Protein chains: 6
Amino acid sequence: MFYHDKRLQYKVRVDKPNPQFAKALQQALGGIEGEIRVCLQYLFQAWNSRGPARYRDMLLDTGTEEMSHIEMLATAIALNLEGASNSLVDDLVGKNPIVKDIMGGMDPRHYLSTGLGAMAADSNGVPFNGSWVVGSGNIAADMYANVMAESTGRVLATRLYEMTDDAGMKDMLSFMIARDTMHQQQWLAVLEELGHGDMSKVLPIPNSFPQSQEKQEFSYAFINTNIDPSSPSVGENRRWTEGPSIDKKGQFSEIKAQPYGDEPQLGPPMPEAHAQTEQIEKAGDKS
Amino acid sequence: MFYHDKRLQYKVRVDKPNPQFAKALQQALGGIEGEIRVCLQYLFQAWNSRGPARYRDMLLDTGTEEMSHIEMLATAIALNLEGASNSLVDDLVGKNPIVKDIMGGMDPRHYLSTGLGAMAADSNGVPFNGSWVVGSGNIAADMYANVMAESTGRVLATRLYEMTDDAGMKDMLSFMIARDTMHQQQWLAVLEELGHGDMSKVLPIPNSFPQSQEKQEFSYAFINTNIDPSSPSVGENRRWTEGPSIDKKGQFSEIKAQPYGDEPQLGPPMPEAHAQTEQIEKAGDKS
Amino acid sequence: MFYHDKRLQYKVRVDKPNPQFAKALQQALGGIEGEIRVCLQYLFQAWNSRGPARYRDMLLDTGTEEMSHIEMLATAIALNLEGASNSLVDDLVGKNPIVKDIMGGMDPRHYLSTGLGAMAADSNGVPFNGSWVVGSGNIAADMYANVMAESTGRVLATRLYEMTDDAGMKDMLSFMIARDTMHQQQWLAVLEELGHGDMSKVLPIPNSFPQSQEKQEFSYAFINTNIDPSSPSVGENRRWTEGPSIDKKGQFSEIKAQPYGDEPQLGPPMPEAHAQTEQIEKAGDKS
Amino acid sequence: MFYHDKRLQYKVRVDKPNPQFAKALQQALGGIEGEIRVCLQYLFQAWNSRGPARYRDMLLDTGTEEMSHIEMLATAIALNLEGASNSLVDDLVGKNPIVKDIMGGMDPRHYLSTGLGAMAADSNGVPFNGSWVVGSGNIAADMYANVMAESTGRVLATRLYEMTDDAGMKDMLSFMIARDTMHQQQWLAVLEELGHGDMSKVLPIPNSFPQSQEKQEFSYAFINTNIDPSSPSVGENRRWTEGPSIDKKGQFSEIKAQPYGDEPQLGPPMPEAHAQTEQIEKAGDKS
Amino acid sequence: MFYHDKRLQYKVRVDKPNPQFAKALQQALGGIEGEIRVCLQYLFQAWNSRGPARYRDMLLDTGTEEMSHIEMLATAIALNLEGASNSLVDDLVGKNPIVKDIMGGMDPRHYLSTGLGAMAADSNGVPFNGSWVVGSGNIAADMYANVMAESTGRVLATRLYEMTDDAGMKDMLSFMIARDTMHQQQWLAVLEELGHGDMSKVLPIPNSFPQSQEKQEFSYAFINTNIDPSSPSVGENRRWTEGPSIDKKGQFSEIKAQPYGDEPQLGPPMPEAHAQTEQIEKAGDKS
Amino acid sequence: MFYHDKRLQYKVRVDKPNPQFAKALQQALGGIEGEIRVCLQYLFQAWNSRGPARYRDMLLDTGTEEMSHIEMLATAIALNLEGASNSLVDDLVGKNPIVKDIMGGMDPRHYLSTGLGAMAADSNGVPFNGSWVVGSGNIAADMYANVMAESTGRVLATRLYEMTDDAGMKDMLSFMIARDTMHQQQWLAVLEELGHGDMSKVLPIPNSFPQSQEKQEFSYAFINTNIDPSSPSVGENRRWTEGPSIDKKGQFSEIKAQPYGDEPQLGPPMPEAHAQTEQIEKAGDKS
């Protein structure tokens, strides 16, 4: 079962809201390379696992971590959309039709369907599709599916990193890129346990992104999201928690899940999106 | 952010595995009335929430609980599918083609694609679709969307309850029906805070299912999944944690999330589904 | 069975065609909050209805009305797309590539696939999906599904209203917002008959949109689309045709369906979209 | 705009309810060859029509007729599903698990999601998809799309006819096959007006189904669904209302739309599907 | 079975790369009117063909040709996307955020998901859908489905032709328009063999596009893609390989498939898209 | 560009037609693990390839081979469906309704939509979805995507092998399993060239299927589908055409593509599926 913490796993800061970047971020949230997919994929693989138990545990730990990444991205999208709110107000004040600005790159449903919020869809508004959740019942096939997911996912994250010069967004993405580095290694470590040889040179994927730009203290750390620290007694000699990393560029370690971010603070509803009156009046109310 | 416990929120026991019932259960997991939908719906509403904070907290609490229900259903499906394994073996021993039995009511992908595991799909194998995740940015519209989701969800759960005479499955469903009872009330409690009047007579939906058959100790309890008990300091006078329930048939209370179930124990992989050799050899291995 | 009138239920006038607004309007036509969904949802609920008959009749009446709304929106989209035609001609005259203008906010399929016409898709071009049509067989669950559909639908309509300063479009939307006001009440009236209490304060959803801007003569009128005025003899004391409205802001009445709009007059085909020669030559031909 | 009549266009009688046949009928309702597709396709082509007006009118007439066919099929499905209800009761009385019977050929969602009702989906439960609605803006391309839709549709209807020995269902299908015969001719008549030559020998498609088994009084009649008999003043010399049919096997005529069927009478809700108590108590209530 | 040639069927040249046009071209690749659809449709009809064999052969020939069209379009898209690369570099050099340019009309997934490559999706990024592949088992219905596909496909191609002033793209499209002219005639020739009369006047669809702008040497030539020239011994008197064309504007001929284009030469990977280092270093390497 | 041969790549024989097995085979044709997916995935990766050219060539070769596998599976499905035809005839002769047999495990659309033919869909009738076609622009990510596709694909093929005792089908599947063995190695050979270490022990996936049951002469042979034998001059020292295989269980070789199967011979149309009369009369006609 699951628990939550109101704080984020890592801080999500947006210095200059940008609705177009919100649209791009949707790919990492609801696209085939995105976090909903890996979250459900790892959890379904865990729930369907018929042994060995050590892999089930690892899948649960990391599937739970991905849930926290979904949350971070949804928050990043909502914060970036506050840029739409400002320009909308300007447009309305200026008595201009606001259509062109809303439609010129922004996802129209970010205004029309959510009132400036994230959606379970990709960067073209195509809904998340459950067929992407792969769990074959064969541990090697599943691990390759996971390596593939983290490889295309890390490629995507580096592209998003290149698209923005918002320092807050670059910081968040450097954390996510680091976690993808680790998750790639983690699934390959299972393959190594199953007899796979030296895979160091190809890693991390992409290997053309300078690792100095990722948040390296998280690049080789397995994050244990189990609520009970004494619980993962199975899993002695887990390849992914100690010793050299698969890419030979770091040392694996294990850390207990904890929030590095704060509770998110979104702005109030944009008047033109017609929340209920009570929402508008009590937007900042904590009682 | 999120944490997990290896134990289930409530016990999942299957006395007589039944692959056809596994297929039916998929509707409650990946269908439009299912748990993936409500989980993501409540969490996206929380993440997109622009106030008041009390509703954001409640959505986080219950969205997290639904994650635990997804896990229970996936486990129930995997356990029910073990019936396919047995009959497959019988058929193979009997030198009969096994096609007809596999295909005569079972979802073929439960064998072909997962090797006897759950999928992110409905009872016809149609994949979960992200478009079902509704978060409009208007709290009243969202609450009605949630009441609707819990109403169609509870109707579905009562129909599943009628379909089975497996005592373990009936017990699990009676818990889920009770939670749906509570969740219906919870969203209506928000509407009551927003000015909605007496909604007691229509509840719970369906009102034709005898409540004596639901696990009533959970029918009016708000389950707080926040990892920090002192955290939800906002939310004084929350309508959904004390006082008479919306249907006037119970008293609201608040309980801290805890596992009532155990760590699930699935059977070993079925040989014909060709897991890796190491999985078959070490299926029960806890090291 | 069904009949049609060549005139529209309400007038559809576009003063300044705007292809970007056409794209936004698609959400109200083929999106999850849109008119195809509610039309089919109410009609399927009627066709599947196993009693009481009074609700079947009401669902048929309103499902049929929604068909007329689909028609209005499709017409509005086709008229707004005529703006693309003009700018295309300008661009061609100016010897400029027209790609950028076509693609800079307009749905490319509005030109490529339809030659300036409406599609059964949402504002991102994602096709209408039949899974959105909810009919559970439980009247209370269905009514909540309908309230939810009309709530998210009215929120959407008010957002579209804010996006445009075209007086014709604002007029059409003010009619549609009024009809959503009525339809919300209508489904809640069924819930009231089933025992639901005072729901006045939360209504209409959103309650932050000034009702003075909706076409108020249609805000509390049930439109009977039955071809035979004497037919709805069942349904005496129908809560939704007389007495105070659910929100206590109006009085319910019943009116016979009639066209308030004219037969739509679209412009001729745009030459670059390559209709058949005969269409271009006889575009205005009434013979 | 649109009106309805509570009676069906043609009678829908099911002598022996058969849930498996209900599943097959879904293909003709929500599949790519089905009635929702042709209904929306003809109506969108009409709404997007930029001339000549005579074709717009014809498309409106026939699109409206298809709406009545959707209604007939939905009714036929609901009536066929009453067979599930009976066997369910038998099974419950016999204390047997009912899973196998429900799942052994029936669409599980016909019980789980609708409580014995029709869905906007095909015979595999795959939802209707708006991408199937083709309106290209070129009248010849559109007419071929319509001929194709009516050809695959009539092929489907003849296959359904062969699948059943229920006299009521055969009668309903013989009417629908006849209407498909006419609709094929109708779109080809437009192509003939546009210069297409003699198309008689290939028709109707399929030409291997004996026309004596179709309801031949409807095979060459254009049904005018316009509510105002004097309205279609445009359209003199319409090829599809007089003269020899395209296949030279009949004479075209025009008749005013009227119901040949009665108001449908579905059975009461099945108890195990948990409608609201009030629905069960008042199922036959006409007040 | 199948073989390939590294050269293209016809030359694909892009004088001025244009990412917005790449987005539009996706409709002809992965949209409902596109080449993946016709390729699979003709091949499935061939593979499912139960006679006569002459039609099976023709379907195989043309289905294989469409495979070559898919390849041309994918290449055209990749070449047009190189425009994104240049402007990205400019933007980065200029220290500007590149988001707006990327998102202002380009498909964001062309950068995010493919690193400047084609996708199996339409111009809105909606994935190709297998339901569009029609093979009914009735040859007349199938031929009409094919005429419809080639009619909407040729309409689309003429619209794309109008959208661009790139001479290379116009040349490629004029070839594709000519092939669509031929393919329309080809399926109609089958219908003529089955008894269809003179269809000359309506053709080609659209008839409003000047045929002088299509590559007319390919407008009435059947391209035989069979690897063994002596193989198609069946099919004497094939209507589509000799004699006047169906539209009476040309003479049918048969030519052996051969590449008129060269092996495509794409530019190197764009650095910001993070290919592997080895790809960047060895981009032009032929060893 | 592409060519075809009327003969199959490998023989497809069905000793005892079985419509239920036809349904299961659909997963390998149109499912996420299926041949349409790998065919398009390898070809799109080739068409989008920006170097090195040796990988582009290999992707083209193998993508073309997968096209031949699609053809084999479609043929296998059509042949297995002839079992439906026989039982249908029996049922009709026996004057029994044929519904139950058709619906009791067979895909209803195999009769209703195709008249006993294959579809571009999975084993639940869910259409093939273009989103499954992964080409990221990063060669390592793409190779892992391909390993994953061939791993889940080979797992699927071994499960299908276990489901049948038809000697013809087992023979065809043993060929396909061998090709999957080779294709897994092929993509891993690229990864080895990129620096990946010894991957022998984990292979082939699944490693629990006895390789003696696969058609071993094809297990380590690269099939060159290029029409010009002298063409692949690039690609000296290609890791996947000589030397020990990645799993160290064989030696790589290269063979020129050639048909090992014959031209397929399907039975005549089933009368109840209503092909055109001419198809039925001339089913075996080769003229």
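How many residues does the contact take from chain D and from chain F? Chain D gives 30 residues and chain F gives 29 residues. The model is a predicted one.

**Interface of chain D and chain F: area**

- The size of an interface is often given as the accessible area lost when the parts come together.
- Between chain D and chain F, the buried area is about 2,200 Å².
- Carbon and sulfur atoms give 53% of that area.

- The rule finds one salt bridge across the interface of chain D and chain F.
- Glu33(D) is paired with Arg109(F) in a salt bridge, and their closest N and O atoms are 3.9 Å apart.
- That distance meets the criterion because a salt bridge requires a side-chain nitrogen of Lys or Arg within 4 Å of a carboxyl oxygen of Asp or Glu.
- Across the interface, 12 residue pairs are in polar contact, with both residues of each pair at pLDDT 80 or more.

**The side of chain D that touches chain F**

- Helix H1 (19-30) and helix H6 (139-163) of chain D are the elements that give two or more residues to this side.
- H6(D) supplies the largest share, seven residues.
- Sorted by class, this side of chain D has 13 nonpolar, 11 polar and six charged residues.

**Relations between copies**

- Two copies of a chain are related by a rotation about an axis and a shift along it.
- Chains D and F use different surfaces: 10% of the contact residues of chain D recur in chain F.
- For chain B and chain A, a rotation of 180° with 0.0 Å of shift along its axis gives a superposition with RMSD 0.0 Å.

**Ala53(C)**

- Ala53(C) lies in helix H3 of chain C, which covers residues 53-93.
- Its relative accessible area is 13%, and Ala53(C) is therefore buried, the cut-off being under 20%.
- Ala53(C) and Asn80(C) are 27 residues apart in sequence, and their C-alpha atoms are 41 Å apart in space.

Technical notes. Residues numbered from 1 in each chain as written. Chains lettered and ligands numbered in written order. Predicted model: local features only at pLDDT ≥ 70, side-chain atom pairs only at ≥ 80, totals over all residues. Heavy atoms only, no water. Helix = DSSP H or I, 4+ residues; strand = E, 2+ residues; numbered from the N terminus. Buried < 20%, exposed > 50% of the residue type's maximum accessible area, 1.4 Å probe, protein only. Contact = heavy atoms within 4.5 Å. Buried area = accessible area lost by both parts, 1.4 Å probe. Polar contact = N/O pair within 3.5 Å; in protein donor to acceptor, adjacent residues only side chain to side chain. Nonpolar A, V, L, I, M, F, W, Y, C, P; charged D, E, K, R; others polar. Least-squares fit on C-alpha atoms with pLDDT ≥ 70 in both.
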